[in-house]
Amino acid sequence: MILQTLLAVFLGLLVNEMCDVSSHLAQRLLRWAARRIPGEGNAERYEEEWLALLEERPGKILKLAFASWMVIRSTFTMRRIYRCREAREQGAVSLPVRPVESLSPSEFAEMAAALVLRDGFATARVVDGPGDMGVDVIATTPDGRTIGFQCKKYGDQRRSVDSSALMQLHPRLHSAIDEFVLITNGSFSALARRFAQAHRIHTIDGETLRRWWSGTESLGEILRNQGN
């Protein structure tokens, strides 16, 4: 009886100790995963992004699970960064190191093109000037599909994209484009989301963009999760 009581007390203390250590361990894992990312300044940027995401996870066990998953995901992030580096050597646009909020609308479009290339698209080019019909970036997938991206950068991140912007992405206006994606650092109105779902237009809001930028989620995963 005494032995069972001591064993129960010991196991209880062990569980409490593991819970106390788990938060510290989760942070250590994320910092280690971030240091695996090559490139000047990337480790610090990814560490900051991932630690912020870690704080949003409730409970110590979920934090540890998230950190463990990011260690696994860092391998895929490294591959995407290497692809981006190869794209830069071929003269493609590069991924800005400044925060999204500080980018101009044209730099925001360049950032979108760089993220697309980082995720393994064959090509991505920024469409500049009048006559673009609402499409700011045109990209091609490895299997030859053409994707058109409209980029809406707002000074106020609380601003919502309305359905009028999405109406520019009608297939009849862009017969050579197979799919459309609208990217914003803001959000989408309820009417805009309904219009996008009805017309099979993918949407990436500010929160989703943050995950894409940080490498937590790839473009392919974002589009698949929307179920379009």
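Two strands pair if DSSP finds at least two bridges between them, and strands (E, at least two residues) and helices (H or I, at least four) are DSSP runs numbered from the N terminus. In strand 7, I204 stands opposite I183. This is a predicted model, in which local features need pLDDT of at least 70, side-chain atom pairs count only at pLDDT 80 or more, and totals for chains, interfaces and linings use all residues. Residues are numbered from 1 along each chain as its sequence is written, and side-chain values use heavy atoms, with hydrogens and water left out.

- The open sheet has five strands in the order 1-2-3-5-7, with mixed pairing.
- Strand 1 (123-126) and strand 7 (202-204) are the edge strands, each pairing on one side only.
- From one strand to the next, the twist averages 20°.
- Strand 5 (residues 179-184) and strand 7 run parallel and are joined by three bridges.

**Helix 4 on the sheet**
- Helix 4 packs on the sheet and touches strand 1, strand 2 (137-140), strand 3 (146-152) and strand 5; contact means heavy atoms within 4.5 Å.
- The direction of helix 4 makes about 180° with that of strand 1.

**Helix 4 and helix 7**
- The axes of helix 4 (residues 105-118) and helix 7 (residues 206-214) come within 10 Å and cross at roughly 55°.
- Axes are lines fitted to C-alpha atoms, for helices over the stretch in contact, and angles run from 0 to 180 degrees between N-to-C directions.
- F108, M111, A112, L115, V116 and R118 in helix 4 meet L209, W212 and W213 in helix 7.
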